[in-house]
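Take a walk through this structure, one region at a time. Keep the sequence and the 3D view side by side as you read.

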Amino acid sequence: MKNIQVNATQFFELLKDRDTSMWEIFAQMIDGQEKRIIFVDDDEVILFNYILPDNLEKLEEDRKKFAAEYQEKLSGLN
């Protein structure tokens, strides 16, 4: 599995500048092989990892799961 290290600050700024979602960027990265995306801070400390699946169907499953978990966390804050 290929590892890709990404600066989280720069990545999320790119999303903001391009007015796009991370899922659209991830979809563009799919090439039939799983990849580990390692998000780091400016000091290169690992913040979190994401295993990019090898196909769009699995990516869509991840997106739905993430959305549900995010909504659940938001509802817990109210």
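Helices (H or I, at least four residues) and strands (E, at least two) are DSSP runs, numbered from the N terminus. The model is predicted, so local features need pLDDT of at least 70 and side-chain atom pairs count only at pLDDT 80 or more, while totals for chains, interfaces and linings use all residues. Residues are numbered from 1 along each chain as its sequence is written, and side-chain values use heavy atoms, with hydrogens and water left out.

Begin at strand β3, which covers residues 46–52 and holds Leu47. Leu47 is partly exposed, at a relative accessible area of 45%. Buried means under 20% relative accessible area, exposed means over 50%, and partly exposed lies in between (1.4 Å probe, protein chains only).

Now go inside. A nonpolar core is a set of buried Ala, Val, Leu, Ile, Met, Phe, Trp, Tyr and Cys residues joined through side-chain atoms within 4.5 Å. The largest one has 15 residues. Phe11, Phe26, Ile37, Phe39, Tyr50, Leu52 and Leu59 touch the most other members. At least two core residues come from each of β1 (2–7), α1 (8–18), α2 (22–29), β2 (35–40) and β3. The largest share is that of α2, with 4 residues.

Ile37 shows how the parts meet. Contact means heavy atoms within 4.5 Å. Beyond its neighbours within four places in sequence, Ile37 is in contact with Ile4, Val6, Phe26, Met29, Phe48, Asn49, Tyr50 and Leu52.

Next, the charged residues. Side chains of opposite charge can pair when their charged atoms come close. A salt bridge is a side-chain nitrogen of Lys or Arg within 4 Å of a carboxyl oxygen of Asp or Glu. How many salt bridges does a search of the whole structure find? There are 3.

One links Asp31 to Lys35, with the closest N and O atoms 2.5 Å apart. Lys35 is in strand β2. Lys35 is buried, with a relative accessible area of 6%. Not counting residues up to four places away in sequence, Lys35 touches Met1, Lys2, Ile4, Met29, Tyr50, Ile51 and Leu52.

Another pairs Lys58 with Asp54, at 3.6 Å between the closest N and O atoms. Lys58 is partly exposed at 37%, and Asp54 is partly exposed at 26%.

Arg63 and Glu60 also form a salt bridge, with the closest N and O atoms 2.6 Å apart. Why are they about one helical turn apart? Because they sit 3 residues apart in helix α3 (residues 56–77). Arg63 is partly exposed at 31%, and so is Glu60 at 32%.

End at the loop between α2 and β2, where Glu34 lies. Glu34 is partly exposed, at 35% relative accessibility. Glu34 and Met1 are 33 residues apart in sequence, yet 6.1 Å apart in space, C-alpha to C-alpha. Leaving aside neighbours within four places in sequence, Glu34 is in contact with Met1, Lys2, Ile51, Leu52, Pro53 and Asp54.
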